[in-house]
Amino acid sequence: MRVAQLTRAVVGIACLASGAAADPPPRVASLNLTSDEVLVDILPPGRLVAVTRWADDPDMSNVAGRVPASAVRLPRADLERLIALAPDLVVVSEFTDADFLHLLDTSSLRHHRLRGLASLDGIREAILELGRVVGSDEAAAGLVRRYDAVLAQLARRLEGTVRPRVLYWADPHTAGTDTPFDALIEAAGGSNVGRELGLRGMVPIAAERAFVADPDVFLVSRGSGAAAALRHHPLLSKARAMGEGRIVEMPNALLVALSHHAATACWRLASLLHPDRVPAEPPAP
Amino acid sequence: MTETRRRRLAFLALGALLPLELLVAASLGSVPLPALGVVRSLLAGLGLGTSPLGETGEVILWSVRLPRVLLAALVGGGLALVGAALQSLFRNPLADAGLLGVGPGAALGAVLAVSFGWAHERFLALTLAAGVGAFAALLLIYALAHLGGRPSLQGLLLTGLAVGALAAAATAVLLVAIEEQRVRAVLFWLAGGLEGRGWEHAAIAGTFVLGGGAALGLLARPLDVLSLGEEEAAALSLPVHATRLAVFGLCALIAGPVTAVAGAVPFVGLVAPHALRPLVGPVSRHLLPASFLAGAALVVLADLAARSFGVHVELPLGSVTAFVGAPYFLIALRTQEGRG
């Protein structure tokens with residue numbers, strides 16, 4: 001290791017020992033869409049130095065058009081550009097590989113890893129933890145209060161309702177337990193067919209098995225081609241739900257939201273599954 | 001021009017090209033560094049003078065770029081060494097590391113590491129799992145090939161193909177069943193690439209490539225004798241079976257870790273020795289080091305292209321070498337058929 005790196009490492013350790021590490025990192029870089037969405041809402045614009053290129057894509061992001069112009073859009077996890085930006089904290093996803101994290105460490109870049117985003121409780125905790133790490137506890141708590149309020153009101157509206165059996169279809173994958181889709185379907189007043197079938201994680205499902213499961217509703221991402229694939233599928237096009245026109249298409253940005261926007265996603269799906277009980281838009285904050 | 005003069009010129013050219021390429025590759029990237037600054041930083045690393053790069057440039061050079069560039073050289077050099085040795089062993093100028101069957105074994109190990117989440121949680125887990133997969137495949141090939149006594153070269157090769165097919169089938173099953181988010185991580189490895197590799201990866205590759213390469217160098221003369229044919233080699237009192245196994249084992253010892261750190265990087269082992277044979281001749285003590293230098297130069301350049309031309313993602317290194325190697329292979333094949 002070079003002298004400069006060694007010095008930075010020693011200073012870093014000394015700061016940790018003295019408690020100075022508790023100081024909020026002035027410059028934060030985000031390497032995943034979930035943290036893009038949260039950080040845009042809890043950090044002053046000048047402190048967010050980098051986001052992913054997806055942050056501006058309305059098909060993927062719930063903050064498209066709201067990302068500070070000053071934040072660099074990283075087309076990929078480019079370590080050299082990150083080092084040149086010199087952020088005080090890099091926020092990475094659960095799926096960032098350990099070798100890349102090691103390179104962040106050896107480059108003296110501190111990182112925070114988002115975890116537990118497969119459940120609505122996990123998302124709540126991840127937002128609060130991210131808020132603590134970047135020193136925006138209050139702003140993060142504000143997001144979570146709103147998140148909880150939307151989910152609580154949704155739960156009240158759905159009390160006693162009959163739950164349609166929903167199969168998420170991403171040709172040929174579906175969602176079992178321990179997935180955000182399972183959490184979304186259950187919170188939106190549906191019953192996840194993937195869970196019913198004993199599946200875990202995002203896994204492929206044979207068309208015959210999906211057909212025999214006889215879901216009440218197919219849930220697909222809008223614009224992904226999954227709805228067209230279902231309509232033209234030799235077997236699944238003959239499923240009861242298809243005959244009844246029960247394909248629910250959700251905007252992709254909401255469907256994949258693992259941030260506080262997941263509450264809006266639950267609300268929106270519930271409004272499609274239970275239009276008699278849930279209006280299209282969640283209550284205003 | 002005499003053969004000796006041609007060979008000297010080839011070594012001179014390769015000896016000049018590789019350091020120049022290493023310097024260019026260490027200078028270019030997402031954040032360009034001045035070439036002179038890189039040289040002065042390298043000298044400063046040796047205690048000669050001071051570096052003008054500044055803290056950011058220093059971190060980029062020493063933590064990210066240098067290990068990657070050196071790793072590219074080791075990967076290319078290692079694959080070319082293996083290709084040169086196997087081309088002599090099989091007396092086929094189009095042989096390369098793909099014949100060993102370690103690639104599919106390494107791929108299976110890598111996919112297992114990703115599907116069980118080890119690659120996301122443990123540093124070097126993917127590399128180690130790929131290495132274990134490569135060596136497990138090799139041991140299996142060796143054991144199966146020896147079931148009915150001493151195997152012929154063809155027997156060893158066909159066993160390798162069968163084991164490779166089995167490993168590839170298991171890999172495909174895992175890839176279909178694996179979670180969507182994890183697939184992306186393993187696809188980058190399967191397509192070959194050096195993104196996110198550091199000094200530890202370079203150390204692993206360096207140990208096996210330089211150690212295995214040195215051992216192969218000691219076998220240069222027996223390898224030349226073997227390339228005359230088995231009967232001729234036996235008539236010259238060469239222990240044919242033991243030598244063959246030693247060369248085969250050393251090739252696997254190099255190819256396994258190289259595949260583990262870089263994924264699939266095809267055609268390098270074929271192109272480098274094949275292109276150099278007319279220049280330096282078929283004698284292994286010349287061909288092996290020349291192939292090492294040429295393979296190293298080829299992959300350093302290919303990696304530079306991979307990280308320079310991709311906008312949203314890096315191009316897979318394996319695709320870049322295939323874009324160069326596949327047309328070369330086809331031309332070489334046509335030429336060989338024309339001669340045949």
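Modeller: Start with two helices of chain B: where H13(B) passes H14(B), the crossing is right-handed. Keep in mind that this is a predicted model.

Biologist: How are two packed helices described?

Modeller: Now the case here. H13(B) covers residues 268-280 of chain B, and the angle at which H13(B) and H14(B) pack is about 130°. Their axes lie 8 Å apart.

Biologist: Which word describes how H13(B) and H14(B) lie to each other?

Modeller: Oblique. An angle over 145 degrees would count as roughly antiparallel, and 65 to 115 as roughly perpendicular.

Biologist: Which residues in H13(B) and H14(B) meet?

Modeller: From H13(B), they include Val268(B), Val271(B), Leu276(B) and Arg277(B). From H14(B), they include His286(B), Leu287(B), Ala290(B) and Val299(B). By type, this contact holds 11 nonpolar residues, 3 polar and 1 charged.

Biologist: What is the angle between H3(B) and H14(B)?

Modeller: About 140°, with 6 Å between the axes. H3(B) spans residues 54-89, and H14(B) spans residues 284-309. The angle makes H3(B) oblique to H14(B). Where H3(B) and H14(B) cross, the crossing is right-handed. Their contact has 13 nonpolar, 7 polar and 4 charged residues.

Biologist: Now chain A. How many helices and strands does chain A have?

Modeller: Chain A has 13 helices and 11 strands. Its C-alpha trace spans about 70 × 40 × 35 Å along the principal axes.

Biologist: What share of the residues in chain A is buried?

Modeller: Of its 285 residues, 52% are buried. The accessible surface of chain A is about 12000 Å², and carbon and sulfur atoms hold 56% of that.

Biologist: What share of the contacts in chain A joins residues 24 or more positions apart?

Modeller: It is 59%, taken over contacts with a separation of 6 or more.

Biologist: Let us take one residue. Where is Asp171(A)?

Modeller: Asp171(A) sits in a loop of chain A, between strand E6 (165-168) and strand E7 (173-175).

Biologist: Why does Asp171(A) count as partly exposed?

Modeller: Look at the cut-offs: buried is under 20% relative accessible area, and exposed is over 50%. Asp171(A) has 43% relative accessibility, so Asp171(A) counts as partly exposed.

Biologist: How many Å lie between Asp171(A) and Leu104(A) in space?

Modeller: The C-alpha to C-alpha distance is 36 Å. In sequence, Asp171(A) and Leu104(A) are 67 residues apart.

Notes
Residues are numbered from 1 along each chain as its sequence is written. Chains are lettered from A and ligands numbered from 1 in the order in which they are written. This is a predicted model: local features need pLDDT of at least 70, side-chain atom pairs count only at pLDDT 80 or more; totals for chains, interfaces and linings use all residues. Side-chain values use heavy atoms; hydrogens and water are left out. Axes are lines fitted to C-alpha atoms, for helices over the stretch in contact, and angles run from 0 to 180 degrees between N-to-C directions. Helices (H or I, at least four residues) and strands (E, at least two) are DSSP runs, numbered from the N terminus. Angles under 35 degrees count as roughly parallel, over 145 as roughly antiparallel, 65 to 115 as roughly perpendicular and the rest as oblique. A crossing is left-handed if the near helix is turned anticlockwise from the far one by less than a right angle, and right-handed if clockwise. Ala, Val, Leu, Ile, Met, Phe, Trp, Tyr, Cys and Pro count as nonpolar, Asp, Glu, Lys and Arg as charged, and the others, Gly among them, as polar. Buried means under 20% relative accessible area, exposed over 50%, partly exposed in between (1.4 Å probe, protein chains only). Contact means heavy atoms within 4.5 Å. Accessible areas come from the Shrake-Rupley method with a 1.4 Å probe; for residues, only the protein chains shown count as cover.
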